[in-house]
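Biologist: Hey, I've just opened this one and I'm new to it. Can you walk me through it?

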Amino acid sequence: MTGSELVFMCADTGAVVCVGGGGAAARVLVFLPTGETFWATGAQVRPDAVRVSAMAALFTAPAHIVPGEPVTARQVPLSIALALEPAAVDLALAGDGPERVTVVHGSGSIAVGSVVYRVEGAGWLSTAAGPVAQRARAVFQDRSATFAAELGGAVMVNTELRRAPVADLAVRGQDRVPVYRLSCALGGRTPRLVTGEIRDTMQHVTFVEPAPDGAGWVWWSAAPFVFVRSGTTGLGLVERTTRADSPREPLAPAGDLPDPY
(Lines give C-alpha, C1' and ligand atoms only; values in the text may rest on other atoms or scores of the structure.)
Protein backbone atom coordinates (compact mmCIF):
# COMPACT_ATOMS: atom_id res chain seq x y z
CA MET A 1 0.00 0.00 0.00
CA THR A 2 1.33 3.39 -0.89
CA GLY A 3 0.60 6.85 0.44
CA SER A 4 -0.11 7.70 4.07
CA GLU A 5 -0.94 4.67 6.16
CA LEU A 6 -2.04 4.33 9.78
CA VAL A 7 -1.97 1.13 11.81
CA PHE A 8 -3.60 1.75 15.20
CA MET A 9 -3.93 -0.61 18.17
CA CYS A 10 -6.27 -0.25 21.16
CA ALA A 11 -5.14 -2.39 24.11
CA ASP A 12 -8.44 -2.09 26.01
CA THR A 13 -10.76 -3.29 23.23
CA GLY A 14 -8.17 -5.28 21.26
CA ALA A 15 -9.18 -3.49 18.06
CA VAL A 16 -6.63 -3.14 15.27
CA VAL A 17 -7.28 -0.52 12.58
CA CYS A 18 -5.46 -0.16 9.27
CA VAL A 19 -6.17 2.81 7.01
CA GLY A 20 -4.10 3.20 3.86
CA GLY A 21 -4.06 5.93 1.25
CA GLY A 22 -6.60 8.73 1.19
CA GLY A 23 -9.88 9.74 -0.40
CA ALA A 24 -12.28 7.40 -2.16
CA ALA A 25 -9.59 4.77 -2.80
CA ALA A 26 -8.41 4.52 0.81
CA ARG A 27 -8.61 1.00 2.18
CA VAL A 28 -10.03 0.68 5.70
CA LEU A 29 -9.75 -2.51 7.76
CA VAL A 30 -10.98 -2.98 11.33
CA PHE A 31 -10.14 -6.21 13.16
CA LEU A 32 -12.08 -6.84 16.37
CA PRO A 33 -11.08 -9.49 18.95
CA THR A 34 -14.51 -11.10 18.46
CA GLY A 35 -13.21 -12.42 15.12
CA GLU A 36 -15.19 -9.87 13.10
CA THR A 37 -13.39 -7.98 10.32
CA PHE A 38 -14.77 -4.92 8.56
CA TRP A 39 -13.60 -3.65 5.16
CA ALA A 40 -14.56 -0.32 3.62
CA THR A 41 -13.15 2.27 1.23
CA GLY A 42 -12.98 6.02 1.59
CA ALA A 43 -11.24 7.80 4.45
CA GLN A 44 -9.61 11.03 5.48
CA VAL A 45 -6.13 10.44 6.93
CA ARG A 46 -4.31 13.46 8.36
CA PRO A 47 -1.42 13.68 10.81
CA ASP A 48 -3.87 14.77 13.51
CA ALA A 49 -7.03 12.80 12.70
CA VAL A 50 -8.68 9.93 10.86
CA ARG A 51 -12.29 10.10 9.72
CA VAL A 52 -14.27 7.27 8.15
CA SER A 53 -17.97 7.09 7.38
CA ALA A 54 -18.93 4.32 4.99
CA MET A 55 -20.73 1.05 4.48
CA ALA A 56 -18.41 -1.83 5.34
CA ALA A 57 -18.36 -5.50 4.45
CA LEU A 58 -18.49 -7.74 7.52
CA PHE A 59 -16.40 -10.94 7.50
CA THR A 60 -16.42 -13.62 10.19
CA ALA A 61 -14.02 -15.92 8.29
CA PRO A 62 -10.90 -15.38 6.14
CA ALA A 63 -11.65 -12.99 3.27
CA HIS A 64 -10.20 -13.21 -0.25
CA ILE A 65 -11.10 -10.17 -2.35
CA VAL A 66 -10.52 -10.10 -6.12
CA PRO A 67 -11.34 -7.11 -8.36
CA GLY A 68 -14.42 -7.67 -10.45
CA GLU A 69 -15.77 -10.44 -8.25
CA PRO A 70 -18.82 -9.66 -6.11
CA VAL A 71 -18.42 -9.43 -2.35
CA THR A 72 -21.32 -11.28 -0.76
CA ALA A 73 -20.58 -10.21 2.82
CA ARG A 74 -23.25 -8.34 4.76
CA GLN A 75 -22.92 -4.54 4.63
CA VAL A 76 -23.03 -2.55 7.87
CA PRO A 77 -22.45 1.14 8.67
CA LEU A 78 -18.91 1.88 9.87
CA SER A 79 -17.78 5.12 11.47
CA ILE A 80 -14.29 5.90 12.78
CA ALA A 81 -13.28 9.14 14.48
CA LEU A 82 -9.73 9.23 15.85
CA ALA A 83 -7.81 12.23 17.12
CA LEU A 84 -4.05 11.72 16.75
CA GLU A 85 -1.03 13.37 18.30
CA PRO A 86 2.64 12.54 17.66
CA ALA A 87 4.46 10.55 20.34
CA ALA A 88 7.87 11.11 18.71
CA VAL A 89 9.50 12.93 15.82
CA ASP A 90 9.29 11.16 12.47
CA LEU A 91 12.32 9.58 10.83
CA ALA A 92 13.35 7.92 7.60
CA LEU A 93 13.08 4.17 8.01
CA ALA A 94 16.22 3.42 5.98
CA GLY A 95 18.70 6.30 6.00
CA ASP A 96 17.66 8.79 3.34
CA GLY A 97 15.00 6.44 1.93
CA PRO A 98 11.53 7.74 1.01
CA GLU A 99 9.58 5.87 3.70
CA ARG A 100 9.12 7.90 6.88
CA VAL A 101 7.52 6.62 10.07
CA THR A 102 6.43 7.92 13.43
CA VAL A 103 4.46 6.74 16.45
CA VAL A 104 1.17 8.45 17.32
CA HIS A 105 -1.18 8.33 20.26
CA GLY A 106 -4.86 8.34 19.49
CA SER A 107 -8.31 8.30 21.03
CA GLY A 108 -11.85 8.36 19.76
CA SER A 109 -14.50 5.89 18.70
CA ILE A 110 -15.30 3.10 16.28
CA ALA A 111 -19.01 2.60 15.57
CA VAL A 112 -20.27 -0.53 13.86
CA GLY A 113 -23.99 -0.27 13.31
CA SER A 114 -25.44 0.72 16.69
CA VAL A 115 -22.44 -0.57 18.68
CA VAL A 116 -19.88 2.06 19.68
CA TYR A 117 -16.40 1.20 20.93
CA ARG A 118 -14.40 3.85 22.79
CA VAL A 119 -10.78 3.39 21.82
CA GLU A 120 -7.49 4.76 23.10
CA GLY A 121 -4.06 3.54 22.13
CA ALA A 122 -1.12 4.06 19.85
CA GLY A 123 0.04 3.16 16.39
CA TRP A 124 2.36 3.79 13.48
CA LEU A 125 1.82 6.49 10.87
CA SER A 126 3.96 6.08 7.77
CA THR A 127 4.42 7.30 4.24
CA ALA A 128 5.11 4.05 2.41
CA ALA A 129 7.53 3.90 -0.49
CA GLY A 130 5.76 0.88 -1.96
CA PRO A 131 4.97 -2.76 -1.27
CA VAL A 132 7.42 -4.90 0.68
CA ALA A 133 7.42 -8.64 1.23
CA GLN A 134 6.70 -8.36 4.96
CA ARG A 135 6.02 -5.45 7.30
CA ALA A 136 5.25 -5.81 11.02
CA ARG A 137 4.11 -3.03 13.34
CA ALA A 138 3.44 -3.43 17.06
CA VAL A 139 2.76 -1.49 20.26
CA PHE A 140 3.60 -3.05 23.64
CA GLN A 141 2.19 -2.86 27.16
CA ASP A 142 5.18 -0.83 28.37
CA ARG A 143 4.31 1.77 25.67
CA SER A 144 7.28 0.87 23.52
CA ALA A 145 6.71 0.21 19.82
CA THR A 146 8.48 -1.65 17.00
CA PHE A 147 8.42 -1.47 13.21
CA ALA A 148 10.15 -4.20 11.19
CA ALA A 149 10.57 -4.67 7.44
CA GLU A 150 13.26 -5.90 5.06
CA LEU A 151 14.44 -2.37 4.33
CA GLY A 152 14.90 -1.50 7.98
CA GLY A 153 13.18 -1.06 11.29
CA ALA A 154 12.50 1.35 14.12
CA VAL A 155 12.02 1.17 17.88
CA MET A 156 10.40 3.69 20.21
CA VAL A 157 11.19 3.62 23.94
CA ASN A 158 9.65 6.39 26.05
CA THR A 159 9.50 9.20 23.47
CA GLU A 160 12.74 8.37 21.67
CA LEU A 161 12.25 6.93 18.20
CA ARG A 162 15.34 5.56 16.48
CA ARG A 163 16.23 3.41 13.52
CA ALA A 164 17.03 -0.22 14.32
CA PRO A 165 18.63 -2.79 12.02
CA VAL A 166 16.47 -5.84 11.31
CA ALA A 167 18.26 -9.19 11.33
CA ASP A 168 17.12 -12.78 10.87
CA LEU A 169 13.63 -11.81 9.76
CA ALA A 170 11.79 -15.13 9.44
CA VAL A 171 8.13 -15.80 8.67
CA ARG A 172 5.93 -18.88 8.49
CA GLY A 173 3.23 -19.13 5.87
CA GLN A 174 3.03 -20.19 2.24
CA ASP A 175 3.05 -17.71 -0.62
CA ARG A 176 -0.23 -15.92 -1.34
CA VAL A 177 -1.55 -16.49 2.18
CA PRO A 178 -1.01 -14.35 5.29
CA VAL A 179 1.94 -14.84 7.60
CA TYR A 180 0.96 -16.71 10.76
CA ARG A 181 4.27 -16.56 12.66
CA LEU A 182 7.14 -14.04 12.60
CA SER A 183 10.43 -13.46 14.39
CA CYS A 184 13.37 -11.09 14.02
CA ALA A 185 16.23 -9.51 15.92
CA LEU A 186 15.69 -5.78 16.17
CA GLY A 187 18.39 -3.36 17.29
CA GLY A 188 22.06 -2.48 16.91
CA ARG A 189 24.78 -3.72 19.25
CA THR A 190 22.34 -5.47 21.58
CA PRO A 191 19.43 -6.58 19.39
CA ARG A 192 16.31 -7.89 21.06
CA LEU A 193 14.26 -10.78 19.78
CA VAL A 194 10.72 -9.93 18.64
CA THR A 195 8.33 -12.81 18.06
CA GLY A 196 4.72 -12.82 16.98
CA GLU A 197 1.87 -15.17 16.16
CA ILE A 198 -1.41 -14.54 14.40
CA ARG A 199 -4.13 -13.74 16.92
CA ASP A 200 -6.83 -15.78 15.18
CA THR A 201 -6.13 -18.09 12.22
CA MET A 202 -9.66 -17.40 10.97
CA GLN A 203 -9.20 -13.62 10.95
CA HIS A 204 -7.19 -12.32 8.00
CA VAL A 205 -7.81 -10.55 4.71
CA THR A 206 -6.15 -11.00 1.31
CA PHE A 207 -6.59 -8.62 -1.62
CA VAL A 208 -5.63 -9.63 -5.17
CA GLU A 209 -4.92 -6.72 -7.51
CA PRO A 210 -3.35 -6.26 -10.94
CA ALA A 211 0.36 -5.44 -10.74
CA PRO A 212 1.11 -1.73 -11.32
CA ASP A 213 2.98 -2.53 -14.53
CA GLY A 214 0.11 -4.69 -15.80
CA ALA A 215 2.19 -7.87 -15.85
CA GLY A 216 0.75 -10.31 -13.35
CA TRP A 217 -0.93 -9.95 -9.99
CA VAL A 218 -0.13 -8.75 -6.48
CA TRP A 219 -1.43 -10.42 -3.33
CA TRP A 220 -1.61 -8.14 -0.26
CA SER A 221 -2.67 -9.68 3.04
CA ALA A 222 -2.99 -8.47 6.61
CA ALA A 223 -3.70 -10.07 9.97
CA PRO A 224 -3.62 -8.93 13.61
CA PHE A 225 -0.77 -10.42 15.67
CA VAL A 226 0.18 -10.88 19.32
CA PHE A 227 3.85 -10.00 19.87
CA VAL A 228 6.44 -10.55 22.61
CA ARG A 229 9.57 -8.45 23.09
CA SER A 230 11.83 -8.85 26.15
CA GLY A 231 9.03 -10.56 28.04
CA THR A 232 6.52 -7.79 27.29
CA THR A 233 3.45 -8.56 25.19
CA GLY A 234 2.02 -6.33 22.51
CA LEU A 235 -0.55 -6.07 19.75
CA GLY A 236 0.08 -5.34 16.11
CA LEU A 237 -0.45 -6.05 12.43
CA VAL A 238 1.60 -8.04 9.93
CA GLU A 239 1.30 -7.40 6.19
CA ARG A 240 2.59 -9.56 3.36
CA THR A 241 2.92 -8.72 -0.33
CA THR A 242 3.47 -11.45 -2.92
CA ARG A 243 3.72 -10.99 -6.68
CA ALA A 244 2.94 -13.48 -9.42
CA ASP A 245 3.92 -12.64 -13.00
CA SER A 246 1.46 -15.08 -14.54
CA PRO A 247 -1.24 -13.39 -16.65
CA ARG A 248 -3.78 -16.03 -15.59
CA GLU A 249 -6.69 -15.16 -13.36
CA PRO A 250 -5.72 -15.28 -9.65
CA LEU A 251 -6.76 -18.30 -7.63
CA ALA A 252 -7.91 -18.29 -4.04
CA PRO A 253 -5.41 -19.80 -1.59
CA ALA A 254 -6.03 -23.44 -0.75
CA GLY A 255 -7.08 -24.24 2.80
CA ASP A 256 -6.95 -22.35 6.07
CA LEU A 257 -3.89 -21.41 8.04
CA PRO A 258 -2.58 -24.01 10.50
CA ASP A 259 -3.22 -23.39 14.17
CA PRO A 260 0.12 -22.03 15.51
CA TYR A 261 -0.77 -22.89 19.08
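**A first walk along the chain**

Biologist: Before I go on, what am I looking at?
Modeller: This is a predicted model, so to speak of local features we need pLDDT of at least 70 and side-chain atom pairs count only at pLDDT 80 or more, while totals for chains, interfaces and linings use all residues. Residues are numbered from 1 along each chain as its sequence is written, and side-chain values use heavy atoms, with hydrogens and water left out.

Biologist: OK, back to Asp 168. Where does Asp 168 sit?
Modeller: Asp 168 is in strand S15, residues 166-172. Strands are DSSP runs of E with at least two residues, helices are runs of H or I with at least four, and both are numbered from the N terminus.

Biologist: What's up with the phi of Asp 168?
Modeller: The phi of Asp 168 is positive, near 55 degrees, and this residue isn't a glycine. Most residues other than glycine have a negative phi. Asn 158 is another non-glycine with a positive phi, about 60 degrees.

Biologist: And where's Asn 158?
Modeller: In the loop between strand S13 (152-157) and strand S14 (160-164). With 66% relative accessibility, Asn 158 counts as exposed.

Biologist: Zooming out, how many helices and strands does the chain have?
Modeller: Zero helices and 20 strands. The chain has 261 residues, and 52% of them count as buried.

Biologist: What share of the contacts links residues 24 or more positions apart?
Modeller: They make up 53% of the chain's contacts with a separation of 6 or more. Contact here means heavy atoms within 4.5 Å.

Biologist: Can you show me some of those pairs?
Modeller: Take Phe 8, which is found in strand S1. Phe 8 counts as buried, at 1% relative accessibility. Beyond residues up to four places away in sequence, Phe 8 touches several others, among them Leu 82, Val 119 and Gly 123.

Biologist: What about Leu 6, buried or exposed?
Modeller: Buried, because its relative accessibility is 1%. Leu 6 is found in strand S1, residues 3-9. Eleven residues along in sequence is Val 17, and the C-alpha atoms of that pair are 7.7 Å apart. Setting aside neighbours within four places, Leu 6 has contacts that include Val 50, Val 104 and Trp 124.

Biologist: Which residues does Val 132 contact outside its sequence neighbourhood?
Modeller: Glu 150, Leu 151 and Thr 241, once neighbours within four places are left aside. Val 132 is found in the loop between S10 and S11 and counts as buried, at 14% relative accessibility. Its C-alpha is 7.2 Å from that of Arg 240, a residue 108 places away along the chain.

Biologist: New topic: which residues have the most contacts inside the largest nonpolar core?
Modeller: Leu 29, Trp 124 and Leu 161, in a core of 33 residues. The biggest contribution to this core, three residues, comes from strand S12 (residues 145-149). A separate core holds 29 residues, including Cys 10 and Val 30. A nonpolar core is a set of buried Ala, Val, Leu, Ile, Met, Phe, Trp, Tyr and Cys residues joined through side-chain atoms within 4.5 Å.

Notes
Buried means under 20% relative accessible area, exposed over 50%, partly exposed in between (1.4 Å probe, protein chains only).
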